[in-house]
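Subject: Handing over the structure

Hello,

Here is the structure I promised to pass on to you. Have a look at it first, and my notes follow below.

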Amino acid sequence: MLRLPTFQLHEPASLKEACALFAEHGAAAKILAGGTDLLPNLKHEIYDVDHVISLAKLPGITGFEMQGHDLVIGALTPLAQVATNPNIQKHAPALAQAASLVAGPQHRQMGTLGGNVMLDTRCQWINQSYFWREALGFCLKKDGTVCHVVEGGKKCVAAASNDTAPALMTLGASLTFVSATGTREIPIEDLWVADGINNKSARPGEILTEIRLPLRDHTHHGAYGKLRERGSIDFPLLGCAVRIDLDDADCVRDAAVSLVALQARPLLIKGVDALLQGLKLGSTELDQAIEAVAQLAHKKCKPLDNIPGDKDYRRRMVPVYVRRTLRAALDGTGPVHHI
Amino acid sequence: MRLLELEINGDRLHVAAPPHWTLLEVLRYELGLTGTKQGCDKGDCGACTVLVDGKPQLSCLMLGSAAQGHAITTIEGLLPAHRAQGGAGADPVQDAFDRCGALQCGFCQPGMMLSAKALLSENPTPTSTDIKHALSGNLCRCTGYTQILEAALLAATKTEEVL
């Protein structure tokens with residue numbers, strides 16, 4: 001039986017009130033959205049918090065809205081709705097597919113898109129009960145001074161494990177944070193920091209309220225591939241999102257590949273667009289370039305023993321999933337999943 | 001302590017519980033509704049599944065307070081709801097699980113049946129693949145999945161007859 005530690009529960013009725021509470025309590029408070037990440041972590045005593053600020057009663061930060069050339073998704077929108085929304089499926093298939101593969105059906109009803117973006121990093125040495133962690137000896141992320149993944153390591157290497165993060169990165173999403181001092185919009189690429197203890201640059205007191213996607217037309221192709229042990233519930237052993245935009249002559253205009261569950265931050269592979277640009281759909285040159293992208297990703301991605309799954313196996317799967325997900329995007333057959 | 005107003009199985013109930021208690025703990029230890037099982041307690045197993053406004057959710061990862069304003073259905077609520085709608089015998093899902101012997105130790109069964117109930121409410125004629133996806137958040141540690149799948153398919157037939 002895992003019990004939650006005691007805390008003071010706040011249920012603000014407005015965003016302004018939520019921001020004021022977060023500003024007042026700072027590091028002693030955590031934001032509660034869907035709860036599927038925060039509550040297990042609280043039960044495992046990974047956080048020392050006295051206050052939990054629930055967003056359950058906040059109006060207006062759920063749902064989808066077209067704003068000019070952008071599609072805006074409220075941060076509290078459940079992942080199940082993101083996965084099945086026709087506009088997301090049409091304009092951002094990689095995001096819909098990634099959301100459809102997060103954890104299991106119940107988690108997707110509860111978990112929110114904002115919560116998945118803000119998901120804490122994971123490591124097989126930290127996502128355990130306090131009893132287990134104490135018996136082993138604590139680690140850098142909480143209570144300890146050593147890293148159990150990298151011998152002698154001084155920097156936490158817990159892995160970003162959010163399925164939607166790489167999809168949002170390939171789609172050029174931006175995030176809106178609101179705090180007691182104002183509103184800030186940043187490209188999602190700028191959110192990530194290579195530090196497993198806290199892999200996000202969100203400032204103290206900031207609450208994620210919106211995820212904004214630039215609308216894409218019929219020439220956009222995207223897909224998400226997920227490697228995991230079972231067909232459900234599990235976090236990714238590897239997540240791969242791709243975007244391929246074609247021009248009117250069916251040649252690649254732009255492309256991006258992003259991966260997650262490797263290191264503390266999701267990784268956008270640089271140089272993918274240069275390898276694929278200008279190549280015609282169905283050509284041998286494009287097939288060869290897809291293979292070159294797969295090999296480039298293999299070179300850039302070096303998984304660690306931070307999450308379950310043998311790191312050599314996970315590395316060998318990098319080119320496999322990059323190749324399959326690129327093809328699935330072009331064929332419209334995503335997501336890439338073993339079930 | 002916090003006074004909660006909950007709608008459980010159609011009944012409006014007032015219950016006092018500490019703010020850090022999950023809905024699962026409120027159900028089991030304040031209301032005596034022990035049909036909802038406490039398994040892993042961290043969202044891995046699905047044994048604590050309840051329906052929140054008809055959707056399957058994990059009561060071990062939901063604060064009791066967050067359940068306010070929503071219609072909660074636990075396994076204890078299926079039979080009364082079926083009878084209230086004029087149905088005879090057991091709820092079609094419960095009846096199908098009984099007929100197919102879709103249990104071994106029985107611990108996962110309430111969560112399995114509620115996930116199946118939610119699926120059939122949305123899709124009365126699911127395929128085997130639909131059922132596998134819908135039940136994929138519920139683990140059976142006895143691995144009795146074959147009969148569970150058969151029961152969900154049988155329940156779909158019976159639900160269609162009822163409709």
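The face of helix 11 of chain A turned away from its buried side carries the exposed residues Gln288(A) and Lys299(A). Here exposed means over 50% relative accessible area, buried under 20%, and partly exposed in between, with a 1.4 Å probe and protein chains only. Helices (H or I, at least four residues) and strands (E, at least two) are DSSP runs, numbered from the N terminus.

Before going on, please note that this is a predicted model, in which local features need pLDDT of at least 70 and side-chain atom pairs count only at pLDDT 80 or more, while totals for chains, interfaces and linings use all residues. Residues are numbered from 1 along each chain as its sequence is written, chains are lettered from A and ligands numbered from 1 in the order in which they are written, and side-chain values use heavy atoms, with hydrogens and water left out.

Back to helix 11 of chain A: its 17 residues, 284-300, reach 25 Å from the first C-alpha to the last, close to the 24 Å expected at 1.5 Å a residue. That expected span is 1.5 Å times one less than the number of residues. Which residues of helix 11 of chain A are buried? They are Leu286(A), Ala289(A), Ile290(A), Val293(A), Ala294(A), Leu296(A) and Ala297(A). These cover an arc of only 160° around the axis, which puts them on the same side of helix 11 of chain A; the arc is that of the directions from the helix axis to the C-beta atoms. An α-helix has 3.6 residues a turn, so residues three or four places apart point the same way. What covers the buried residues of helix 11 of chain A includes strand 11 (252-260), helix 10 (272-276) and helix 12 (311-331) of chain A.

**The five-stranded sheet**

In chain A, five strands form an open sheet with mixed pairing, in the order 12-11-10-9-13. Two strands pair if DSSP finds at least two bridges between them. Strand 12 (267-268) and strand 13 (336-337) of chain A are the edge strands, each pairing on one side only.

Nine of its nine residues are buried, so strand 10 of chain A is largely enclosed by the rest of the structure. Leu238(A), Cys240(A), Val242(A), Ile244(A) and Leu246(A) point one way, and Gly239(A), Ala241(A), Arg243(A) and Asp245(A) the other way. Eight bridges join strand 10 of chain A to strand 9 of chain A, and the two run antiparallel; Tyr224(A) stands opposite Ala241(A) there. Strand 10 of chain A is also joined by eight bridges to strand 11 of chain A, again antiparallel, with Arg243(A) and Ala256(A) as bridge partners. Five residues lie between the strands in the hairpin of strands 10 and 11 of chain A, where Asp250(A) takes a positive phi near 65°.

Strand 9 (residues 220-227) and strand 13 of chain A pair in the parallel sense over two bridges, and Gly225(A) has Val336(A) as its bridge partner. Helix 12 of chain A packs on the sheet, touching strands 9, 10, 11 and 13 of chain A, and its direction makes about 150° with that of strand 9 of chain A. Axes are lines fitted to C-alpha atoms, for helices over the stretch in contact, and angles run from 0 to 180 degrees between N-to-C directions.

Helix 5 (residues 93-100) of chain A lies across strands 9 and 10 of chain A, running at about 20° to strand 9 of chain A. Seven of the eight residues of helix 5 of chain A are buried, so this helix is largely enclosed by the rest of the structure.

**Strand 6 of chain A**

Strand 6 (residues 174-179) of chain A has both faces covered: Ser174(A), Thr176(A) and Val178(A) are buried on one side, and Leu175(A), Phe177(A) and Ser179(A) on the other. It forms a hairpin with strand 7 of chain A, with two residues between them.

**Where the chains meet**

The contact (heavy atoms within 4.5 Å) takes 32 residues from chain B and 26 residues from chain A. About 2400 Å² is buried between the chains, and carbon and sulfur atoms give 59% of that area. Buried area is the accessible area (1.4 Å probe) that two parts lose on being put together, summed over both. In chain B, His20(B), Leu61(B) and Leu63(B) lose the most area to chain A, together 25% of what that side buries.

Best wishes
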